[in-house]
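Thank you for making time for this one.

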Amino acid sequence: MSALHAAFLSQAESCEALDSPFMGRLLRLLATHWPEDTTLAAKCATFEGDISPKGHSLPLRIAGGLHALVLQGKDAGLTAVYPPNQSDAAALQNVVLTALRTHDAFLTDWITHAPQTNEVRRSAVLIATAHLLANRFNLPIKLSELGASAGLNLMFDQFHLNVGNGYGPQSTVTLAPQWTGPFPPKSDVTISYRRGVDLNPLNSADPDDALRLQSYLWADQEERLLRTQAAIALNTADLDQDDAISWLERRLTAPKTGELHMVYSTVAWQYFPTDRQDHGTALMEAAGAQASEATPLAWLSYEADDITHGAALTLRLWPGNRTIPLGRADFHGRWVEWRAPAKLP
């Protein structure tokens with residue numbers, strides 16, 4: 001079994017586990033009928049590094065390129081077999097293999113760029129955490145997001161979380177995860193400033209960047225696409241192109257009295273090199289040691305760990321250097337198991 005064949009099958013299993021049967025079909029088709037005589041295949045064969053879903057994610061890049069063709073209306077045949085339309089296995093195979101050859105140059109160029117999405121449903125955890133922090137400190141919150149992509153999740157205070165009695169304003173972006181556990185205290189959340197960083201930030205107001213954001217959403221999950229489009233329409237977040245840890249070092253200087261600084265990442269920290277993770281942790285701990293009740297610092301991690309059941313939600317809080325488990329959440333934000341205390345210490 002080739003590395004690419006194994007990567008297709010691994011990604012297929014992941015997509016199926018995340019409720020995308022169409023992506024499972026597509027990726028298994030590609031694993032079995034991959035056209036070795038294309039420029040795209042040649043590029044994949046010489047791609048350096050880990051091409052699996054845990055590395056450069058070549059299967060997602062290829063699938064994203066095919067979806068981009070559909071979203072742009074560049075291949076009527078593909079559109080006809082993509083959701084919400086139905087197709088049998090033979091029709092899907094014929095059309096996809098034809099598209100791989102017809103759009104060989106486009107797809108070969110497309111896969112040079114890493115997959116990027118903004119999974120807006122992850123903002124459910126951000127909203128809950130912000131209410132928990134506002135309840136404890138009653139201060140405006142400065143946001144710093146690491147690995148922000150297009151910055152859609154920096155706008156979480158503009159979204160509505162439809163759990164319990166509801167959190168946040170009524171909005172074109174409504175989040176309704178399956179929620180277990182207590183609800184966080186409702187508080188007045190004021191965002192004083194929001195800014196994010198990414199090695200390759202996307203400008204959601206740019207049609208090409210907006211296309212890239214949407215192409216990596218799975219075609220049989222229309223609600224994700226509609227939610228992302230609604231979030232794009234609300235987005236006003238400022239973004240910087242930089243190494244996240246170098247940027248963080250600058251963001252941690254000169255904290256403002258009477259403002260809480262909330263630093264966070266959602267399924268991004270795990271992709272930073274180990275030495276940068278170590279340096280970032282040291283920076284946060286050093287800044288935390290200088291924090292006070294008037295200049296508190298919070299670090300929310302929404303990241304994979306050794307447990308396969310979703311991602312761990314962990315809050316570190318200063319002053320006091322407390323580590324507070326908040327629970328777990330689905331990687332796409334479909335469910336949240338909230339285990340936070342009713343009030344922060």
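Predicted model: local features only at pLDDT ≥ 70, side-chain atom pairs only at ≥ 80, totals over all residues.

Ser-57 has a relative accessibility of 8%, and because buried means under 20%, Ser-57 counts as buried.

Staying with the backbone, let me turn to the peptide bonds. Pro-83 and Pro-84 are joined by a cis peptide bond with omega at about 10°, and Pro-84 lies in the loop between α5 and α6. A cis bond is also found from Trp-318 to Pro-319, where omega is near 5°, and Pro-319 belongs to the loop between β9, residues 311-318, and β10, residues 322-329.

Now to the helices. Two packed helices are described by the angle between their axes and the distance between the axes. For helix α1, residues 3-17, and α2, the axes come within 8 Å and cross at roughly 170°, which makes α1 roughly antiparallel to α2. On the α1 side, the residues that meet α2 are His-5, Phe-8, Leu-9, Gln-11, Ala-12, Glu-13, Cys-15 and Glu-16, and on the α2 side they are Met-23, Gly-24, Leu-27, Arg-28, Leu-30, Ala-31 and Thr-32. Sorted by class, this contact of α1 with α2 has 8 nonpolar, 4 polar and 3 charged residues.

How do the axes of α1 and α4 pack, at what angle and how far apart? The angle is about 75° and the axes are 8 Å apart, and α1 and α4 are therefore roughly perpendicular to each other. Leu-4, Ala-7, Phe-8 and Gln-11 of α1 make this contact with Leu-58, Pro-59, Leu-60 and Ile-62 of α4. Here the residues divide into 7 nonpolar, 1 polar and no charged. If you compare the two lists, you will find Phe-8 and Gln-11 of α1 in the contact with α2 and again in the contact with α4.

Helix α2 also holds Arg-25, a residue that is partly exposed, with a relative accessible area of 35%. Leaving aside residues up to four places away in sequence, Arg-25 touches Ser-87, Asp-88, Ala-89 and Leu-92. Arg-25 and Gln-93 are 68 residues apart in sequence, while their C-alpha atoms are 9.7 Å apart in space.

That brings me to the aromatic side chains. A pair of aromatic rings is described by the distance of the centres and the angle of the planes. How many aromatic pairs does a search of the whole structure find? The search finds 9, and the one I would like to go through is Phe-22 with Tyr-82, whose ring centres are 4.7 Å apart and whose planes stand at 65°, so the pair is edge-to-face. Phe-22 lies in helix α2, residues 21-33, and Tyr-82 in the loop between α5, residues 76-81, and α6, residues 89-102, so the pair ties together parts that are 60 residues apart in sequence. Between the C-alpha atoms of Tyr-82 and Phe-22 the separation is 8.3 Å.

Both Phe-22 and Tyr-82 are buried, and for Tyr-82 the relative accessible area is 2%. Not counting residues up to four places away in sequence, Tyr-82 touches Phe-22, Leu-26, Leu-66, His-67, Val-70 and Ala-219.

Elsewhere, ring pairs link Phe-106, Trp-110 and Tyr-216 into a cluster. Over the ring of Trp-110 sits the charged end of Arg-212, 3.8 Å from the ring centre.

Conventions:
Residues numbered from 1 in each chain as written. Heavy atoms only, no water. Phe/Tyr/Trp six-rings, centres within 6.5 Å; stacked < 30°, edge-to-face > 60°. Helix = DSSP H or I, 4+ residues; strand = E, 2+ residues; numbered from the N terminus. Buried < 20%, exposed > 50% of the residue type's maximum accessible area, 1.4 Å probe, protein only. Lys NZ or Arg CZ within 6 Å of the ring centre and 35° of its normal. Axes fitted to C-alpha atoms, helices over the stretch in contact; angles between N-to-C directions. Parallel < 35°, antiparallel > 145°, perpendicular 65-115°, else oblique. Contact = heavy atoms within 4.5 Å. Nonpolar A, V, L, I, M, F, W, Y, C, P; charged D, E, K, R; others polar.
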